[in-house]
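Biologist: I am new to this structure. Could you walk me through how to read its features?

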Amino acid sequence: MKNTIKTLIALCVTMSLYGQTSIKGIVIDSNEKPIFFVTVALYSLPDSNYVDALSTDEEGLFEFKQIDVGDYYVVSSMLGYADYGSEALTIPAANPIFLRIKMEADAQLLETVEIKEKLPLLEQRADKLVVNVENNMTNTNGNLLDVMRKVPGMLVINDRLSMPGVGSPTILIDGRSTQYMDMESLLKEMPGDNIKKIEIIHQPGAEYEAAGSGPILNIILKKNALFGTNGNLTLGAGKGELWDYTTGLNLSHYAGDVNLSGGIGYSKNAWLENLSINRILTGIGDDFDGTYTQVSDERARPDSYRANIRVDWDITEKYRIGLQSKYYSSFNDYVGTNLTEIKLVDEAGTSYSLNSINTHDKMWSYQTVNPYFIMELDTSGQKLQFDLSSAFYKVDNSNILVTSDTDSPNELFEQQYIQPGNTKIFASSVDYTKPFNKSIELKTGAKFSWADLDNDLQSSFKSEGQWINNPQQSNHYLFDEKIYAAYSKLSWNADKWSGTAGLRYEHSESEGNSLTLDSIQTRTISKLFPSASISRKLGKVLDASVAYSYRVNRPRYSSLNPFVYYLDPFTYQSGNPNLRPELTHSLKFSLSYEGQPFFNIEYKRSDDAIVEVTEQEKNNQEAFKTDVNFDLQENFSTSLFFPLDFIPGINGYAGVIVANNTYNSLYNDAQFNRGKWSTTTFLQANFTLPWEINGEIGGWYNSGTQEGIFDSEYLYGTSLGLSKKFLENKLKVSVGFEDFFNRFWHANVDYQQDMNLVVRWQAPVVNARVSYKFGNQHLKSQKRHEGSADDILRRATSN
């Protein structure tokens, strides 16, 4: 009996002690409201060894269960709040342990976060320069071209992009190629309100496709980086010569193992193109020699739509699966006009003028679906990733060109172009990362991509009220391309030194089939593309690096298609099916100061450079635009960046680029050897005005460049922005002024032609945007502990 009683007493004591081996609690803010997804870590005493960590639930609650006997303390941390540390806690405890943790806002940290949010800093990383455009005050509305104007040194002329000394960039969207798309429509009509940042990669490593000759511009779209349920609503409007509007809604929810985000948006963008051409023709014949002054004007306000969704699911701590899909579409009806005045040098002094009206009806849509699977093989960083991607690009364009003599109501001719097109792209890749130790890491992978394009240009002219097919301009063109690739890249670091060595192999097979001309052209390219870099720390704040890459710029599908498309009575554009791929060697030396770009020297040599030119027909007054190969193009550039923080009350950067662009080629039976030095300067400064109004002012200047046969003059632009936050920083109002002082693009051609050009766009432009953030706005904690909670938080905000 006594033994039985002793056993029961011992059992009761044991159960009582077991019931007090947990630590529970709640985390609240200064307003007594629960804070969820706070990292709470448990440490032992007296050695402060890490024991466990977890995150609070949606009610701010947490619980550590079945804790071993001993003394402990807990630390809670959350970005934007001061860390909290408890008193010593003893396990087992005589009474239940329930902590009521009140976290106070960290004013200094919040101020730092606020500065980072409002300042679009340049970030110099190991292999790229990052331009943060998400919170740019003067980039409140507009299209992708407007965003590109924020890239330091970028020249945007109509739908053409170039960077002095480094050439035309290759554009990626979230790391995916735009090679087979209509870049003119994409740049003008893709809304820019969903872009987070732009990565500029001057020397791409082996993990990137070898496509292109200039830098890679990787456009990163916005993703969810917050816990819980949150969202953002934006409304904007702008006015230049035309009105534009934009609105968008982004929502995201992260809880447990699932991260779900998505958004929709609508934009009525506005763009304007005005092209003035003055051509002097000699030696063609009395019927054609003279002065031709052509003024074309196009004004459009396309309706653009976007939608995106992304789901990430952490199956276990090591396996993650996800799916993301994006959709863009644009509908654009507009009318272009052209006035051509002709003054011949014949004995009669003949002069006349022509009026043209070009009515456009354009539609395009772009959709991507991208499932992926990631396996974290161990805790050292060994990882295997599988990626599938499919994209569908559809266009349906038509236009009618009507030309009349101003002195007569009779129509000279009337032409119609109908151009439906479909593009299907499929890609699959596998990437493996293996860190051998803290100093050496290997990345290797393989990729297959396939593109199938179908474009049917149907041209017809009107005769006696009937549309008659024009076989000389119509062309049904099919294009098929397969690319097989494999790469390996070794990264290493030793004391003050670090470097990379990579090798990529690409084998491509392409076939262009003109059904109309009954012509098939095939091309096979098999090449190795090496890349390497080496860096050294020159002190606490200065780093130096040298990088090399070898790349190929395959002709775009739109350049290979042998179409003929009239823009006005005397000007047309044409494809060139004989274009060869461009091969480029690039070498760059860089200095960075405290992780920011400082000084760069770069040299590029391109063989068979792909260059846009205009040519004059030899037996009539027509001129046309096309792409050709130049034997050799050399670019040399040096750039200097410096911060503006030394000026009291100012943050930002300024820079200067000095570049030389030279061409040497046999072109049209003569030697073309031209080059020109150019200087580009740019500045962006951020400041704070009274009443917590943030300001931003920027500007740029280019002295003029040699772009193929075009010799351009100086041009410049300016911008100014103001913003203020309300309602506990949830509501933000921004106003921007673009190109309130500017000069448009002027150029001349004097090689086998006598031509002057002026291109103007919509300027100045005033725009405004209102954005409102709702829901939870907490980011993950800056404190990092290796535990299950930390692993969840890390995966939740990874890209």
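Biologist: Let me start with one residue. Is Glu209 buried, partly exposed or exposed?

Modeller: First, a caution: this is a predicted model. Now the general idea. Under 20% relative accessible area a residue is buried, and over 50% it is exposed. Glu209 has 29% relative accessibility, so it counts as partly exposed.

Biologist: Which side chain does Glu209 meet in a salt bridge?

Modeller: The general idea again comes first. Side chains of opposite charge can pair when their charged atoms come close. Here Glu209 meets Lys447, at 2.5 Å from N to O. Lys447 is partly exposed, because its relative accessibility is 26%.

Biologist: How many salt bridges are there by this rule?

Modeller: The count comes to 22.

Biologist: Where do Lys447 and Glu209 lie along the chain?

Modeller: Lys447 is in strand β27, residues 440-463. Glu209 is in the loop between β15 (195-201) and β16 (216-221). The two parts are 238 residues apart in sequence, so the pair ties them together.

Biologist: Let me try another pair. How far apart are the closest N and O atoms of Arg674 and Asp750?

Modeller: They are 3.0 Å apart, and the two residues form a salt bridge. Arg674 belongs to strand β39, residues 670-689. Asp750 sits in the loop between β45 (745-749) and β46 (755-760). That pair ties together parts 76 residues apart in sequence. As for accessibility, Arg674 is at 27%, so it counts as partly exposed.

Biologist: Which residue forms a salt bridge with Lys676?

Modeller: Asp711 does, with the closest N and O atoms 2.7 Å apart. Lys676 is in strand β39, and Asp711 is in strand β42, residues 710-712. The two are 35 residues apart, and the pair links distant parts of the chain. Lys676 is partly exposed at 22% relative accessibility. Asp711 is partly exposed too, with a relative accessible area of 25%.

Biologist: How many bridges join β1 to β4?

Modeller: Four bridges do, and the two strands run antiparallel. β1 covers residues 23-28. Take Ile26 as an example: its bridge partner in β4 is Leu61.

Biologist: Is Gly263 buried or exposed?

Modeller: Gly263 is buried, at 9% relative accessible area. It lies in strand β19, residues 258-268. Gly263 and Gly248 are 15 residues apart in sequence, yet 7.3 Å apart in space from C-alpha to C-alpha. Beyond four places in sequence, the contacts of Gly263 include Leu249, Asn250 and Arg306.

Biologist: What lies 3.5 Å from a polar atom of the side chain of Asn660?

Modeller: The backbone oxygen of Lys676 does. Lys676 is also the salt-bridge partner of Asp711. Asn660 lies in strand β38, residues 650-667. It is buried, at 13% relative accessibility. Beyond four places in sequence, Asn660 touches residues including Trp677 and Phe636.

Biologist: Last, the whole chain. How many helices and strands does it have?

Modeller: The protein chain has six helices and 47 strands. Of its 799 residues, 49% are buried. The accessible surface comes to about 36,800 Å², with 57% belonging to carbon and sulfur atoms.

Notes:
Residues numbered from 1 in each chain as written. Predicted model: local features only at pLDDT ≥ 70, side-chain atom pairs only at ≥ 80, totals over all residues. Heavy atoms only, no water. Pairing = 2+ DSSP bridges. Buried < 20%, exposed > 50% of the residue type's maximum accessible area, 1.4 Å probe, protein only. Areas by Shrake-Rupley, 256 points an atom, 1.4 Å probe, with all protein chains shown as cover. Salt bridge = Lys/Arg side-chain N within 4 Å of Asp/Glu carboxyl O. Contact = heavy atoms within 4.5 Å. Polar contact = N/O pair within 3.5 Å; in protein donor to acceptor, adjacent residues only side chain to side chain.
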